[in-house]
Amino acid sequence: DRKKRSFESRTSVTNHPLARKLFEIMSSKKTNLCVAADVTTSAELISLAEKVGPHICLLKTHIDILTDFSKETVESLKELAATHNFMLFEDRKFGDIGSTVASQYSGGAYNIVDWAELVTVHGLPGDGIIKGLMSAINGRPRGCVLVSEMSSSGALTSQEYVSGCCKIAENHTYFVIGFVSQSNVSSDPRFILLTPGVQLDKSVDGLGQQYVTPRAAVLERGADIIIVGRGIREAEDPEAAAIKYKEEAFSAYLERIEA
Ligand code: S5P
């Protein structure tokens with residue numbers, strides 16, 4: 001059962017190199033925190049990555065909200081990821097036919113495949129989307145996380161949709177390393193569950209977002225990794241907030257595997 005196993009022990013059950021890398025980072029840095037770096041300038045993005053870098057396993061970006069994106073931005077991010085041992089995770093939420101996503105992944109202004117080891121993908125189009133993305137990786141180690149459920153109120157992700165996403169993942173384990181989810185969508189120890197909508201002092205944001213605490217995400221919803229944006233970014237001291245969220249989420253994880 002996924003929820004009962006340590007990240008370390010799950011390293012050997014997956015054959016995806018990036019899932020292994022992520023499990024190793026989580027075990028060695030003792031962190032299952034992903035920061036959502038939803039800022040609008042490269043300077044803010046780099047500065048946030050410097051502050052939270054030592055405390056995270058993943059830095060999740062929405063690269064298309066930057067007003068000043070350039071190649072230097074991703075070069076700096078890659079350097080920080082190497083220095084602090086975290087991975088770059090572009091939350092592109094690809095959602096189109098295979099042919100289109102292949103161009104979106106490897107083309108345009110962002111050339112996402114070049115710098116983001118992991119990306120988010122909707123299962124909605126069916127597994128052609130996986131084949132399309134795979135056609136653009138050109139031998140590089142890359143992977144994706146399927147968005148199986150969403151944190152927003154009124155999300156249309158039914159049980160049937162979730163099980164469809166699980167089938168896609170099971171059939172494409174050489175590319176899919178896990179899920180964005182709000183519940184225990186899979187007990188397969190190969191898959192990593194990431195849960196957004198996590199904040200300590202708020203329950204909603206007025207625009208549909210719904211929050212639970214790090215403890216609830218890990219212990220009640222089955223998250224392996226918590227995704228935290230504004231709870232950290234808008235804190236007076238983002239580094240201190242990152243440490244707090246990291247400690248809460250990791251101790252909940254230890255509690256879960258030891259129970
Ligand atoms: O269901 C989802 C999936 C994602 S990836 N709900 C989400 O909120 N997200 C992302 O997590 C969202 O795009 C944002 O980057 C982050 C949550 O940010 P916060 O500021 O609400 O913590």
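**From a buried threonine to the strands and aromatic pairs**

T31 is placed in the loop between α2 (17-29) and β1 (33-36), where helices (H or I, at least four residues) and strands (E, at least two) are DSSP runs numbered from the N terminus. The model is a predicted one, in which local features need pLDDT of at least 70 and side-chain atom pairs count only at pLDDT 80 or more, while totals for chains, interfaces and linings use all residues. Residues are numbered from 1 along each chain as its sequence is written, and side-chain values use heavy atoms, with hydrogens and water left out.

T31 counts as buried because its relative accessibility is 0%; buried means under 20% relative accessible area, exposed over 50%, and partly exposed in between, with a 1.4 Å probe and protein chains only. Leaving aside residues up to four places away in sequence, T31 touches M26, H55, I56, C57, K246 and F250, contact meaning heavy atoms within 4.5 Å. A polar atom of the T31 side chain also lies 3.1 Å from the backbone nitrogen of L33.

Turning to the strands, β3 (residues 87-94) is mostly covered, with 6 of its 8 residues buried. Strand β2 (residues 58-61) runs parallel to β3 and is joined to it by 4 bridges, two strands being paired if DSSP finds at least two bridges between them. Within this pairing, T61 has E90 of β3 as its bridge partner. The chain passes from β2 through helix α4 (residues 71-84) to β3 in a right-handed β-α-β crossover, a term that applies if, with the strands pointing away from the viewer, the path from the first strand over the helix to the second runs clockwise. Strand β4 (residues 118-122) is likewise parallel to β3, through 3 bridges, and here E90 stands opposite V119.

A search of the whole structure finds 6 aromatic pairs, in which rings of Phe, Tyr and Trp (its six-membered ring) have centres within 6.5 Å, planes under 30 degrees apart counting as stacked, over 60 as edge-to-face and the rest as tilted. The pair of F7 and Y253 is stacked, because the ring centres are 3.9 Å apart and the planes lie at 0 degrees. Since F7 belongs to helix α1 (residues 7-10) and Y253 to helix α11 (residues 238-258), the pair ties together parts that are 246 residues apart in sequence. F7, F23, F250 and Y253 form one aromatic cluster, and F250 is also one of the residues that T31 touches.

Terms used. A polar contact is a pair of N or O atoms within 3.5 Å; within protein, one must be able to donate a hydrogen and the other to accept it, and residues adjacent in sequence count only if both atoms are side-chain atoms.
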